[in-house]
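Here is a short tour of a protein model, meant to be read with the structure open beside you. Shall we begin with the packing and then move on to the charges?

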Amino acid sequence: MSRASTPEPRTCVSCGRTIEWRKKWERDWEQVRYCSTPCRRHGITDTDRALEASILDLLAARSRTSTICPSEAARAVAGGSDDGDDGEAWRDLMEPARRAARRLVAAGEVEVTQGGRVVDPSTARGPIRIRRA
């Protein structure tokens, strides 16, 4: 397969990162759904679905141009109060919240921004914000 006819990249269904075509996948590119073995093992859990719903609900409750931080979705899903042992449980949901945001970007429902500019969520490092697409 020549460089010009390389298939379009895909999005990992677990983490939302971009999967670039590789020669080793030439025969089964249509079945490639995950970027790595850990993503294949993890899949999509109920918590992941809850984070996606939380992101969409938080955005729906705000003005059209408002943004949210992934931590807001993580806190909403983790529940509990800010005192006691479970007050920090939301921190464990930060990377899953970012994964949920990447999946929603791939679905065309939201955009990820840094410094007010839309960025590629697969390569974004540091604090991000999420807004409606």
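Leaving out neighbours within four places in sequence, Leu59 is in contact (heavy atoms within 4.5 Å) with Ser66, Ile68, Val110, Ile130, Arg131 and Arg132. This is a predicted model, in which local features need pLDDT of at least 70 and side-chain atom pairs count only at pLDDT 80 or more, while totals for chains, interfaces and linings use all residues. Residues are numbered from 1 along each chain as its sequence is written, and side-chain values use heavy atoms, without hydrogens and water.

**Nonpolar cores**
- Leu59 also belongs to the residues with the most contacts inside the largest nonpolar core, together with Ile55, Val110 and Ile130; this core has 17 residues.
- A nonpolar core here is a set of buried Ala, Val, Leu, Ile, Met, Phe, Trp, Tyr and Cys residues joined through side-chain atoms within 4.5 Å; buried means under 20% relative accessible area, exposed over 50%, and partly exposed in between (1.4 Å probe, protein chains only).
- Two or more residues of this core come from each of helix H2 (46-60), helix H3 (70-78), helix H4 (94-106) and strand S4 (110-114); helices (H or I, at least four residues) and strands (E, at least two) are DSSP runs, numbered from the N terminus.
- H4 gives the largest share, four residues.
- Apart from this core lies another of nine residues, including Cys15, Ile19, Trp21 and Tyr34.

**Helix H3**
- Pro70, Ser71, Ala73 and Ala74 are buried in H3.
- These residues lie on the same side of H3 because they cover an arc of only 160° around the axis, taken from the directions from the helix axis to the C-beta atoms.
- The buried residues of H3 pack against H2, strand S3 (67-68), H4 and strand S6 (129-132).
- Just after H3, Gly79 takes a positive phi of about 65°.

**Charged side chains**
- The whole structure holds eight salt bridges, each a side-chain nitrogen of Lys or Arg within 4 Å of a carboxyl oxygen of Asp or Glu.
- Glu30 and Arg10 form one of them, at 3.3 Å from N to O; Glu30 sits in the loop between strand S2 (18-19) and helix H1 (37-42), and Arg10 in strand S1, 20 residues apart.
- Glu30 is exposed at 61% relative accessible area, whereas Arg10 is partly exposed at 23%.
- Asp46 and Arg49 form a salt bridge with their closest N and O atoms 3.4 Å apart; being three residues apart in H2, they are separated by about one helical turn.
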